[in-house]
Amino acid sequence: MLEILTGLGLATASGLNAFIPLLGIGLLARFTDLIALPAGWAWLSNDWVLIIVGVLLVLELVADKVPALDHVNDWIQTVIRPTSGGIVFGAGTASSTAAIQDPASFFTSNAWVPVVIGIGIALLTHLTKSSTRAAANVVTAGAAAPILSVGEDAISVGLLFSAILVPLFVLVMLAMLGVLAWLLFRSFKRVRDARAARSGSAAPPVPPAPGFSA
């Protein structure tokens, strides 16, 4: 059960930011004892991999906070975030962590299963994030993009450490994230609909066609 929660937290974090969980797992495995990667995933802690992922993370952090550019970034990330989700779900469920000392054998013996699950979880999270961000950009003319992006990054970091240290807390964070996303989307949609209604009522009446009396 804990293995599933660890993978769930990491994959969801990837759906918000593809590179935070990848870099986090690599750094924690490289410099701490909080996570021990199995041989098949040891490449995540390679120095060059950490450097490349770190550079990509910086680019992602910048692009995701610029209005209009964040929309383009979301299209690109439609492939990258699910891929990251598959990797971190597979690595997380097969690793020994601070909370998991003996990973479940059915995950380690069928390595493709957690990867596919992680791809699906990250893709669903990414699509939810993109929809909410698109609605926010329409309502606020992009002004909300930096604020939402910082919040998403913070949640991604929180999910990363929760998944490794306290997997049960992942359920709490996911419940809060789901409620928050729903409230934000409903709020932005309500404001957008109200603006559209006001614009429609303010439209000038259409004059009758020539040759016809009112």
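The questions that follow take up the elements, the cores and the pockets of this predicted model.

Q: What makes up the protein chain in terms of helices and strands, and in which order do the elements run?
A: The protein chain holds eight helices and two strands, and from the N terminus the order of its elements is α-α-β-α-α-β-α-α-α-α.

Q: How much of the protein chain counts as buried, and what makes a residue count in this way?
A: A residue is called buried when its relative accessible area is under 20%, and 43% of the 214 residues in the protein chain are buried. The chain as a whole exposes about 11000 Å², with carbon and sulfur atoms supplying 76% of that area.

Q: Why is the set that includes Leu 22, Ile 25, Leu 37, Trp 41 and Leu 44 called a nonpolar core?
A: The name applies because a nonpolar core is a set of buried residues of types such as Leu, Ile and Trp, joined through side-chain atoms within 4.5 Å, and the largest such set has 28 residues, with these five having the most contacts inside it. The elements that give two or more residues to this core are H1, H2, H3, H4, H7 and H8, and the largest share, six residues, comes from H2. A second, separate core has six residues, including Ala 135, Val 139, Ala 144 and Phe 188.

Q: With which residues is Leu 37 in contact, leaving aside its neighbours within four places in sequence?
A: Contact requires heavy atoms within 4.5 Å, and, those neighbours left aside, Leu 37 is in contact with Ile 25, Ala 29, Ala 42, Leu 44, Ser 45, Ala 91 and Ser 95.

Q: What makes a residue part of the lining of the largest pocket, and which residues lie nearest its centre?
A: A lining residue has an atom within 4 Å of a point of the pocket; the largest pocket, with a volume of about 390 Å³, is lined by 19 residues, of which Leu 16, Thr 128, Lys 129, Leu 177 and Ala 181 lie nearest its centre. Its lining divides into eleven nonpolar, six polar and two charged residues.

Q: Which element gives the most to the lining of the second largest pocket, and how do the residues of that lining divide?
A: H6 gives the most, with seven residues, and the lining divides into three nonpolar, six polar and three charged residues. Asp 70, Asp 74 and Arg 133 are among the lining residues, and Asp and Arg count as charged. About 190 Å³ of space lies in this pocket.

Conventions
Residues numbered from 1 in each chain as written. Predicted model: local features only at pLDDT ≥ 70, side-chain atom pairs only at ≥ 80, totals over all residues. Heavy atoms only, no water. Helix = DSSP H or I, 4+ residues; strand = E, 2+ residues; numbered from the N terminus. Buried < 20%, exposed > 50% of the residue type's maximum accessible area, 1.4 Å probe, protein only. Areas by Shrake-Rupley, 256 points an atom, 1.4 Å probe, with all protein chains shown as cover. 1 Å grid on protein atoms, 1.4 Å probe; cavity = no way out; pocket = protein on both sides within 12 Å on 5 of 7 lines; lining within 4 Å. Points joined across faces, edges and corners; volume = space filled by probe spheres on them.
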